[in-house]
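Hi,

Here is the structure I promised to hand over. Have a look at it first, and then read on for what I found.

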Amino acid sequence: MTETKYVYDLSEGDISLKPLLGGKGANLAEMNRIGVPVPDAFTVTTQACVDAMNNNSEWPDGLADQVAAGLARLEERTGKKLGSAENPLLVSVRSGAVFSMPGMMDTILNLGISDETVDAVAALADNERFAWDCYRRFISMYGEVVEGIEPHVFEDALTQMKERKGAAQDTDLTAEDLKELTAEFKELANEALGGHWTTDPREQLNRAVNAVFSSWLNPRAEVYRRANGISRDLGTAVNVQQMVFGNRGETSATGVCFSRNPSTGVKELYGEFLTNAQGEDVVAGIRTPRNLEEMEGVLPEAFRELLDTMEKLELHNKDMQDMEFTIEDRKLYMLQTRNGKRTAAAAVKTAVDMVEEGLITKEEAILRVEPDQLDALLHPAIDPNNTAKAIVKGLPASPGAAVGALSFDADDAAERGKAGEKIILVRYETTPDDIHGVMVSQGVLTAHGGMTSHAAVVARGMGITCVAGAPGIKIDPLGKTVTIDGVAYGTSDVLTLNGSTGEVFAGALELVPPSINEDFQQVGAWADEIRRLGVRANAENFEDASKARELGAEGIGLARTEHMFMAADRLPAVRKMILAENEEQRAAALAEILPMQQKDFEAIFTAMKGLPVTVRLLDPPLHEFLPNLVEQSLLVQKLELTGADEAEVAAERATLAQVKRLHEQNPMLGTRGCRLAMLYPSIPDMQARAIIKAALAVLEREGETVGVEIMIPLVAFESELKTQREIVVAAVEDEFEKAGKKLDYTVGTMIEIPRAALVANEIANQADFFSFGTNDLTQTGIGISRDDAEAGFLGAYVDNEVIKANPFASLDATGVGQLVQIGVEKGRSTKPNLKTGVCGEHGGDPASIEFFNSVGLNYVSCSPFRVPIARLAAAQAALKQK
């Protein structure tokens with residue numbers, strides 16, 4: 001059997017081997033291939049890491065021999081030998097994941113220096129101080145990374161040494177000082193280990209490689225991978241590279257540079273360097289770096305070569321490059337290049353500029369911008385220079401940043417917000433009753449609920465920052481305080497929320513405004529040319545609809561009518577409808593509600609005239625419009641005990657009786673949607689009339705109206721939809737006859753029950769369109785309660801990679817996705833031109849959009865502020881499908 005190849009020399013690789021050599025190893029090989037000066041190296045593959053990881057950290061057969069052979073070849077090419085007392089080879093051992101994970105894993109520099117080699121290093125460099133500086137650095141890095149010694153052990157000794165010697169910087173220490181410090185470091189290391197560590201450089205090399213493998217699983221790497229969707233199964237490569245020395249005196253230097261400004265995207269010099277330093281001095285803030293342009297006056301020849309190399313690497317990679325370099329005695333070496341991490345604004349500008357410069361096509365530019373980066377451009381953000389520490393971290397439910405004083409109930413938030421005060425609404429969880437408080441708040445913080453909880457969905461729809469499910473926070477709504485990590489915050493205290501990360505900060509942090517500009521608009525225009533999927537928005541008021549249109553929405557895919565019912569001026573009439581004792585009373589209440597609904601629809605239709613609008617008929621169970629069962633019971637008890645007016649007591653008793661009658665153990669699977677309409681047909685009749693009256697009114701006033709699409713929710717049986725369609729059509733046709741006018745309209749349904757997807761061919765007989773409600777389809781398809789699962793086991797499932805992602809945030813394509821695909825295929829088997837869309841929150845998720853594109857949906861619908869993201873993601877999906 002052929003032995004697996006685990007080690008590649010620098011000359012054997014190129015960028016095509018990135019999955020095997022990792023980003024760093026592949027880029028080093030590619031730089032070497034195109035003639036960029038790179039120190040010689042060999043790379044231990046990601047496969048070696050994975051095989052070791054899957055075998056309790058035991059190296060696979062042949063790896064040790066291949067590492068030894070790779071080292072021997074490196075020694076032969078360099079003419080140096082690891083551990084030699086005459087001409088020693090020193091190497092760095094560095095990680096190299098497939099996807100860039102800056103600072104997440106470990107590095108060891110100067111491996112090969114020891115009591116036996118330090119004098120030779122000093123003699124060859126003609127610089128004793130340099131040699132001892134390398135030695136003390138090696139002991140501290142190897143001790144920390146490989147032997148697990150606490151870093152403060154070495155840091156404290158260095159600080160004390162500088163204090164004793166009166167040295168302000170490390171560079172102020174002399175060769176004798178560093179020799180003394182090295183001896184102290186060795187004593188501290190042996191003391192920490194309870195014995196002497198190995199001085200065999202080959203054993204040190206193997207243990208260093210193993211330590212880098214292990215760092216793939218360290219906590220910070222795990223957190224970073226989860227945050228960026230990187231699978232732990234990929235492993236990391238390890239690069240063993242000949243050391244070059246930026247700490248060899250004032251003619252040597254080390255630094256980091258970008259080919260463009262990573263904050264703005266402007267093509268300008270951007271970077272930092274230090275003379276007489278090694279790489280960690282720049283990135284760790286041990287010394288204050290100098291701006292890159294200053295290098296021209298210090299090392300002019302190396303500076304000019306660096307500029308040429310930066311240009312060469314950007315042209316070759318056709319992307320902004322993030323590079324590390326070392327200058328040893330005026331000679332430039334490149335240690336790394338990678339596509340640079342950048343802000344959202346920089347990503348968009350760089351993509352547009354590179355198209356204009358002829359470096360990339362507009363299709364490549366579309367693929368270059370991460371859809372979620374556009375999200376950051378649409379919301380205020382915390383100043384990136386902020387250094388505050390979060391007091392708690394919840395779920396990043398709605399992006400952006402918000403600063404405000406605390407409010408603990410919606411009425412208070414509404415009152416203070418309308419008065420101009422900036423408010424953060426803090427709730428155990430929000431309900432539809434809180435909508436008036438949410439609407440005027442800067443942000444929402446909840447102790448319970450997840451990424452698709454009420455607070456999250458409503459906040460995203462309104463562009464309001466939300467942190468949901470913050471663990472361990474204790475809310476006292478009566479005392480009007482929230483206790484976080486033992487500290488109580490009240491209504492006069494201010495918090496800052498970062499809805500993009502889930503972090504919460506005490507006090508008011510500086511915010512920076514969103515930066516929508518011509519580059520942003522250009523990327524959107526290119527996306528519109530390329531995508532096949534339509535993009536609509538979920539909106540139920542004039543403001544949201546207008547914002548959606550401004551951001552490029554091609555219609556409304558979901559207007560939820562229940563939010564309109566919740567408004568304070570409608571709730572009394574709605575409760576009259578629910579408490580009606582006969583159809584006559586119910587009809588009177590509905591007649592009171594109808595003009596209110598019509599007014600709402602007119603506002604939306606005015607904002608969206610000329611475009612289609614899908615209105616979903618009433619979906620939630622009726623008890624949601626009534627008081628809480630326990631609270632109503634206590635209210636009746638209190639009135640009875642205090643001798644309140646008998647008429648008032650009777651009214652509240654009637655309400656309690658109706659609440660009890662409507663109470664269900666599992667209301668999300670109970671009497672809601674079309675089931676409610678089957679019991680109370682006057683409700684869909686009223687709503688259909690309000691929709692058509694509004695459409696006709698806008699047509700008369702504006703000269704055009706919307707494409708009316710009436711959607712019946714929670715259908716499981718063809719007979720349900722047939723009955724509901726007949727009610728709606730009868731009401732619509734009656735309104736047309738009364739008005740003496742007609743307009744085009746369609747009647748469709750929301751596919752959110754597995755049975756509906758499985759018998760979609762039958763349901764399509766009664767439907768002009770399907771809209772997949774993937775939030776409920778996920779709940780019913782997987783058999784989990786959304787809020788309970790997100791507050792419970794789902795987090796652990798994602799952390800432990802039982803599942804790849806929260807299925808409410810990103811569609812479970814292999815499971816729930818099959819229901820969508822079946823629904824589309826079966827529906828079109830009955831009606832080949834059946835229009836299909838999705839209106840759950842997955843409509844704004846890029847990974848889900850790629851799936852929806854692949855199964856042939858006509859459109860996706862999402863929160864207004866995610867419309868640009870959906871446009872870009874739909875274009876990327878179309879390009880990938882090609």
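Tyrosine 797 sits in helix α33, which spans residues 794-799; helices (H or I, at least four residues) and strands (E, at least two) are DSSP runs, numbered from the N terminus. With a relative accessible area of 37%, Tyr797 is partly exposed. Here buried means under 20% relative accessible area, exposed means over 50%, and partly exposed lies in between (1.4 Å probe, protein chains only). Together with Phe793 and Val802, Tyr797 forms a nonpolar patch on the surface, with about 280 Å² of accessible area in total. Patch members have over 30% relative accessible area and no salt bridge; like charges are joined within 9 Å, and nonpolar side chains (Val, Leu, Ile, Met, Phe, Trp, Tyr) within 5 Å. A salt bridge is a side-chain nitrogen of Lys or Arg within 4 Å of a carboxyl oxygen of Asp or Glu. Areas come from the Shrake-Rupley method with a 1.4 Å probe, and for residues only the protein chains shown count as cover.

Before the rest, a word on the source. This is a predicted model, in which local features need pLDDT of at least 70 and side-chain atom pairs count only at pLDDT 80 or more, while totals for chains, interfaces and linings use all residues. Residues are numbered from 1 along each chain as its sequence is written, and side-chain values use heavy atoms, with hydrogens and water left out.

Asp156 belongs to helix α6 (residues 151-165) and is partly exposed at 40% relative accessibility.

Isoleucine 683, in helix α27 (residues 682-702), is buried at 4% relative accessible area. Beyond its neighbours within four places in sequence, Ile683 is in contact (heavy atoms within 4.5 Å) with Met577, Leu590 and Leu618. Met577 is 106 residues away along the chain, yet the two C-alpha atoms are separated by 9.3 Å.

In helix α31 (residues 774-782), the buried residues include Thr774, Leu777 and Gln779. Just after α31, Gly783 has a positive phi of about 80°.

As for the whole protein, 56% of its 882 residues are buried, and it has 36 helices and 31 strands.

Best wishes
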